[in-house]
Amino acid sequence: MDRRDLELFKNVFVDLDPLGTGQISIQQMWPYFKRNRIPDAKINLFMNTFDHDNDGYITLDEFCRVFSVSRAEVLGQTVTYETRSRVASGLPAGVTYISGDMDIAWQIKIAQLCIETLGSTSVLKDVPRNIKTSADRMFNNLWHIVMVNGQFWCYYGHEPGYSFVFSFEKYIFVVWKTPAM
């Protein structure tokens, strides 16, 4: 790998880990590489080079070991990216991105819809149904909404580029779209 690969992969890692969790998954990478028109061969190179334990994740430590760079060097760039993204993202106030591969424009639309519905629905258990109904009507069918208050674990499949998990106030919203059959 050459210096161009280092810069490309460093940017990919930083972009896919804006919250500084220290790991990125292969599921996060495919839509990112497609959106940025990066050849499939590069994602395979990325995984083969970094994911030594074959767990489907690339950790910051694995990344740093391959390029012989310090965590501080990469984390310094992450902090810069994170600060820039929070200011420029346009997400509604109070929304905290947790995970997902959804484009920022879609994140904004979905977060606004969830917040508006939360504020306009008097029965809390109806909020996810009302969000889904509105999302299906506004953005075409097969949206799925889970609203959580507290710890949760989930595993789901989705259409690439249409997964978004975020928190607002005391709630966590898990939103995804599946392809039409």
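1. A residue is called buried here when its relative accessible area is under 20%. By that criterion, both faces of strand 5 are covered in this predicted model. Ser163, Val165 and Ser167 are buried on one side, and Phe164, Phe166 and Phe168 are buried on the other. Strand 5, residues 163–168, is thus described as mostly covered, with 6 of its 6 residues buried.

2. The strand belongs to an open sheet of 4 strands in the order 3-5-6-4, with antiparallel pairing. Strand 3 and strand 4 (143–148) are the edge strands, each pairing on one side only. On average, neighbouring strands of this sheet are turned by 20° against each other, direction ignored.

3. On one side, strand 5 pairs with strand 3 (residues 95–100); the two run antiparallel and are joined by 5 bridges.

4. Ser163 has Trp176 of strand 6 as its bridge partner. The two strands form a hairpin with 2 residues between them. Within the turn, Glu169 has a positive phi of about 55°, a value that the reader may wish to inspect in the model.

5. Helix 6 (residues 104–120) lies across strand 3, strand 4, strand 5 and strand 6, and runs at about 45° to strand 5. Helix 7 (residues 127–139) packs on the sheet as well, where it touches strand 4 and strand 6. The direction of helix 7 makes about 155° with that of strand 4.

6. A separate point concerns a helix pair. Helix 2 (residues 26–35) packs with helix 3 (residues 40–50) at an angle of about 150°, their axes lying 10 Å apart. Because of this angle, helix 2 is roughly antiparallel to helix 3, the cut-off for that term being over 145 degrees. Helix 2 passes helix 3 in a right-handed crossing.

7. The residues that make this contact can be listed for each helix. Helix 2 contributes Ile26, Met29, Trp30, Phe33 and Lys34, while helix 3 contributes Asp40, Lys42, Ile43, Asn44, Phe46 and Met47. Sorted by class, the contact of helix 2 with helix 3 comprises 7 nonpolar, 1 polar and 3 charged residues.

Terms used:
Residues numbered from 1 in each chain as written. Predicted model: local features only at pLDDT ≥ 70, side-chain atom pairs only at ≥ 80, totals over all residues. Heavy atoms only, no water. Axes fitted to C-alpha atoms, helices over the stretch in contact; angles between N-to-C directions. Parallel < 35°, antiparallel > 145°, perpendicular 65-115°, else oblique. Left-handed = near helix turned anticlockwise from the far one by under 90°. Contact = heavy atoms within 4.5 Å. Nonpolar A, V, L, I, M, F, W, Y, C, P; charged D, E, K, R; others polar. Buried < 20%, exposed > 50% of the residue type's maximum accessible area, 1.4 Å probe, protein only. Pairing = 2+ DSSP bridges.
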